[in-house]
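Here is a brief report on surface patches and aromatic contacts. Keep the sequence and the 3D view open while reading.

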Amino acid sequence: MALTTPGEIAANAAKRKARPTPRVELSELRRKNDVAGTVFKGLLLGGIFVTFLILIVLLVQVVRDGSNVLTGRLGDFLSSGLGSSPEISGIAQALRGTFYVTLITALVAFPLGIASALYLEEYAPKSRLTNFINLNIRNLAGVPSVVYGILGLTIFVNGWGIRSITGGRTPIAAGLTLAALVLPIVIITATEALRGVPRALREAGYGVGATKSEVIKDHVLPYAAPGILTGTLLSIARAAGEAAPLILIGATTGFLSDIPGWGDVTQAREPFTALPIIIASWARQPQEGFKVDNAAAAIVVLVVFVLLVNAAAIFMRNRFERKRAGL
Amino acid sequence: MTTSVEVSDLRGSPARHRKEARVAFVFRSAALVSILISVLIVGSLAVEALAFVVDVDWSKVWGEDAIGWFPRRNVFGILTLVSATLIVTAIAMVVALPLGLAAAIYLSEYASPRVRKILKPALEILAGIPSVVLGFFALRFLAPQVVGRVFADAAPANLAAAGIGVGILAIPLVASISEDGLGAVPDSLREASAGLGARKLTTTTRVVLPAALSGLIAAFIVAVSRAIGETMVVFIAGGAADSALQNFNPIEPGLTMTAAMASVASGTDNVAGEGPAFQSLFFVGILLFAVTLILNVLANKVVNKYRQEY
């Protein structure tokens, strides 16, 4: 092969320069009118718009229906008990009932759920039994809430020997029922939070001679705490809004004799009512005062509570996600 | 002189071992509680349901004499409940699938991180609204303002309004499961499609959606299961107090399986009772449990299948 002289190289370069390069404008590569694409995106946005429109209409409707009670006699509404006419009825007992039921649900479901998640994530061997437990939890999460009501009615209300502990149709029985209902959700969210804990953290713990339970207590749980807390908060909101299981176990909708104090723990073993139960019962009454004004006002109270808990959970998750991302 | 270390020296104190074993035992027991709950659910349903199956006059459950659901008159036309349940579920799916899917596709394929940050929590708010609230909304707004406007002769409370209400409840569920499915499609597929010159629409509809199909099917199945099991919306807005005639018309009142259970149980003295009316609660309950369980198992199977593909 002939060696190219410096002169030839220079000549070649000059020739290349002289040849015009084909120019492609960016605009030519762009699709001119992507009508179908625009329509599709418009449809998606339209769907989202409709969803949020529904949400807004719902909230407006409820607030408007409840405005008479909320502006006219809010204090009275919050401090009165169930009554025979709408103007004197209130949600005092329902608030206490919901408070105690949710409290008992949390006290039972959280430790049990977190302990289950710890077993499944940290201890469980890869075995048939473990697979079965996992599968069972996922299936329990899909069981309709009325069916949990049947469980509550048969076991916690009428169960042989259990009735003497729960006292029958009481907040304790309701709390246990709802604890069974939210347990799978608590386990699943806690398991996910535990899965997010880096292996290195555990290995560092073992490396300095900590035992499994020490690693869990000092490293795994603190790291997973925000995730676990978010999940458990959401399940509390869910439990507070559940009505179907409480109807099944026979929460009172008609009349309760008195309004116990907030701190009176004996009401946990007395007949009770709860906010969602009262809403359902009022909404089915023929009188406008019950079915519109009172039901809507009670809904506003319930929704405010549920949304506050949800907002707290979402806020916490976002905060910790940002913190983690910054690490 | 060398110090010899025996293996036993490295094993820590027996007290520490005992503590470890105790902790493991406690956690393990907690995990077994969920199995106990399943056993108790099936047990509490089965005993009384079996009594119903044995005692009941079957001509009043299925056939010409089963003209509706009248538990207090010992007529238990199960077809009445099943048809109402199917009507509500079908209407709910017509509402929830397009809206939920639109939200999922937009969030997964189109939304910028900033838009996502606003849309996601808003959907979570909708997901957090208790079902009694949707029941009230269906009765107060959907029945008169939506169904009543379209069908002038619709009953003031009807299955269609309840169905739309259940559908609204299911939107966030469909959206979140579908979005998981879409998110599981690897980006390399999207990039390959874009690299071949496909526009976004083509990539989304021809590549991403088919690849996520099993996730979308799972979302559909779970939503159906949820709609079948939803109680309060139908109990409040379905229009039937505690009994119903056989009815296939969505703009008339009706009683779903769940609403029938709530009706039998509501009213303070009914729950304690015995006899077929009380036992029918468990019979319907076990049917409901079986149907939703089958659907959930199916959804899990479908989801696991697509997990293995990628």
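Trp262(A) sits in the loop between α12 and α13 of chain A. Helices here are DSSP runs of H or I with at least four residues, strands are runs of E with at least two, and both are numbered from the N terminus. Trp262(A) has a relative accessible area of 42%, so it is partly exposed. Buried means under 20%, exposed means over 50%, and partly exposed lies in between (1.4 Å probe, protein chains only).

Patch residues have over 30% relative accessible area and no salt bridge; nonpolar side chains (Val, Leu, Ile, Met, Phe, Trp, Tyr) are joined within 5 Å, like charges within 9 Å. A salt bridge puts a side-chain nitrogen of Lys or Arg within 4 Å of a carboxyl oxygen of Asp or Glu. Areas come from the Shrake-Rupley method with a 1.4 Å probe.

## How the model was read

This is a predicted model: local features need pLDDT of at least 70, side-chain atom pairs count only at pLDDT 80 or more, and totals for chains, interfaces and linings use all residues. Residues are numbered from 1 along each chain as its sequence is written, chains are lettered from A and ligands numbered from 1 in the order written, and side-chain values use heavy atoms, without hydrogens and water.

## A positive patch

Arg319(A), Arg322(A), Lys323(A) and Lys117(B) form a positive surface patch. Lys and Arg count as positive, Asp and Glu as negative; His and the chain ends are left out. Each charge is placed at NZ of Lys, CZ of Arg, CG of Asp or CD of Glu. Helix α14 (residues 288–326) of chain A gives the most, with three residues. Arg322(A) lies in this helix and is exposed, because its relative accessibility is 56%.

## Aromatic pairs

There are 13 aromatic pairs over all chains. Rings of Phe, Tyr and Trp (its six-membered ring) pair if their centres lie within 6.5 Å; planes under 30 degrees apart are stacked, over 60 edge-to-face, the rest tilted. Phe99(A) and Tyr100(A) have ring centres 5.2 Å apart and planes at 85°, so they are edge-to-face. Tyr100(A) is buried, at 7% relative accessible area.

Phe52(B) and Phe76(B) are edge-to-face too, because their centres are 5.1 Å apart and their planes at 85°. Phe52(B) is in helix α1 (residues 14–55) and Phe76(B) in strand β2 (residues 75–76) of chain B, so the pair ties together parts 24 residues apart in sequence. Both are buried.
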